[in-house]
Amino acid sequence: MDQHPATRVVHHHTPTLPNSHPISVPLYQASNFGFDDPDALADALTGPDRGFAYSRYGNPTTRALEETVAALEGGTAAVATASGMGAISSALLGVLKTGDHVIAQSCLYGGTYAALSYLHDNFGVQVSYIPGEDPAEVAAAVRPTTKMLYLETITNPVTRVADQPAFLKAGKEAGLITVVDNTFATPLLCQPIRHGADVVLHSITKYLGGHSDVTAGILVFADDARYRHGWHHTMEMGAMIDPFAAWLTLRGIQTLALRMRQHCANASRIAELLAAHPAVTKVHYPGLPTHPDHDVAKRVLSDFGGMVSFDLAGGRDAGYTFTKGLRLVKLAASLGGVESMVLHPASTSHRQLDADALAAAGITEGTIRLSVGIEQAEDIWADVEQALP
Ligand SMILES: *Cc1c(COP(=O)(O)O)cnc(C)c1O
């Protein structure tokens with residue numbers, strides 16, 4: 001029976017004991033597993049499904065998380081990693097060689113952009129950036145050396161939503177490996193493998209963990225051969241997750257459906273209130289009819305997410321003053337936790353960019369990124385409103 005994701009996140013596969021089984025997944029905080037039979041130990045080191053020998057190769061707690069997220073994303077199998085960037089570097093380095101070309105969306109997560117620049121400067125990987133507005137951009141950017149199309153379901157911070165099924169189809173027609181960073185949407189709002197993606201990845205640190213206490217990532221593969229290759233690469237390069245981080249994530253993920261419902265409902269409310277406020281010139285939220293991708297988002301996403309960005313009329317000073325004036329909402333670099341968090345890109349994450357470079361990324365000097373938490377919406381708004389000019 002094909003269960004709803006809201007059910008899948010609650011029930012995990014747990015081990016069988018002589019007369020019972022634990023209801024929650026136990027934490028196997030073990031780096032090593034003992035064997036009676038030397039052949040069995042040798043065999044356990046040959047693949048991801050031959051038993052557990054050494055936790056960099058596989059661990060029962062980690063495996064339970066991988067199976068849960070693979071099922072949520074509709075993939076064959078998953079590999080959990082030490083961070084979201086661990087998953088991203090594995091997705092890139094596991095496939096790309098010197099001289100290969102990547103087509104990526106231009107408004108990428110900053111760390112991904114930095115990783116691609118590093119691969120370019122040090123390993124001769126070529127990258128072209130496309131706006132992600134018209135699927136014909138893919139065919140126009142393809143070269144004989146193009147290997148990969150790299151997309152994000154909802155982009156940071158201005159929440160653009162590309163027509164994922166159309167872009168993935170264009171990537172497939174060009175013979176490319178398609179990779180989607182689904183961090184902002186989570187598998188509750190979008191399942192890129194069902195739209196044709198080969199690899200989906202997450203920063204678990206954000207919504208999947210959800211409680212601002214885990215740094216981790218995960219790769220989900222549509223087919224078995226790519227999974228085995230991805231597992232082998234990640235294991236050899238050492239980007240594997242720690243079992244405790246996997247255990248915390250399993251605990252957090254049980255409320256993912258519940259949390260996402262609240263994140264989306266709150267964000268939608270806050271976006272409407274911001275849009276009606278005189279100090280705000282623009283609100284970026286895919287759920288608003290004024291958003292350039294609203295129609296696409298209605299098709300690609302089952303809800304519009306918990307991230308809202310907005311532009312303040314007063315520019316850089318107004319943004320800086322706003323973040324200083326908040327009392328409940330936390331000023332923080334990250335997002336996706338149960339608590340509301342805010343970031344002013346121009347004075348923090350993107351402070352090295354001048355007004356022109358910011359504009360190219362769709363950000364203004366007065367842009368604020370709000371990760372809307374699961375608190376009572378009225379309390380979030382009361383804090384935002386008192387800090388607005
Ligand atoms: C945070 C983030 C990452 C990187 O994840 P880390 O866990 O910080 O390594 C990648 N992609 C997106 C969209 C993110 O928000």
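This is a predicted model: local features need pLDDT of at least 70, side-chain atom pairs count only at pLDDT 80 or more; totals for chains, interfaces and linings use all residues.

Biologist: Why are lysine 169 and glutamate 173 separated by about one helical turn?

Modeller: Because lysine 169 and glutamate 173 are four residues apart in helix H7, about one helical turn separates them; helices here are DSSP runs of H or I with at least four residues, strands are runs of E with at least two, and both are numbered from the N terminus.

Biologist: Is lysine 169 counted as buried or exposed, and what is the case for glutamate 173?

Modeller: Buried means under 20% relative accessible area, exposed means over 50%, and partly exposed lies in between, with a 1.4 Å probe and protein chains only. Lysine 169, at 53%, therefore counts as exposed, and glutamate 173, at 62%, counts as exposed too.

Biologist: How do you know that aspartate 198 forms a salt bridge with lysine 172, and which parts does the pair tie together?

Modeller: The closest N and O atoms of aspartate 198 and lysine 172 are 2.6 Å apart, which is within the limit already given. Aspartate 198 lies in the loop between helix H8 (186–189) and strand S6 (199–203), whereas lysine 172 is in helix H7, so the pair ties together parts that are 26 residues apart in sequence. With a relative accessible area of 8%, aspartate 198 is buried, while lysine 172, with 39%, is partly exposed.

Biologist: How many salt bridges does the structure hold, and which residues are linked in a network?

Modeller: There are 14 salt bridges in the structure, and Asp49, Asp224 and Arg228 are linked in a network of them.

Biologist: Why is threonine 155 called buried, and what does it touch?

Modeller: Threonine 155 has 0% relative accessibility, and therefore counts as buried. Threonine 155 is placed in the loop between strand S4 (146–152) and helix H7 (164–173). Leaving aside residues up to four places away in sequence, threonine 155 touches Gln105, Cys107, Arg160 and Phe184, where contact means heavy atoms within 4.5 Å.

Biologist: Why are helices H3 and H10 called oblique to each other?

Modeller: Angles under 35 degrees count as roughly parallel, over 145 as roughly antiparallel, 65 to 115 as roughly perpendicular and the rest as oblique. Helix H3 (residues 60–73) and helix H10 (residues 243–253) pack at about 40 degrees, their axes 8 Å apart, and H3 and H10 are therefore oblique. The axes are lines fitted to C-alpha atoms, for helices over the stretch in contact, and the angles run from 0 to 180 degrees between N-to-C directions. Among the residues that make the contact are Leu65 and Val69 of H3 and Trp247 and Leu250 of H10.

Terms used:
Residues are numbered from 1 along each chain as its sequence is written. Side-chain values use heavy atoms; hydrogens and water are left out. A salt bridge is a side-chain nitrogen of Lys or Arg within 4 Å of a carboxyl oxygen of Asp or Glu.
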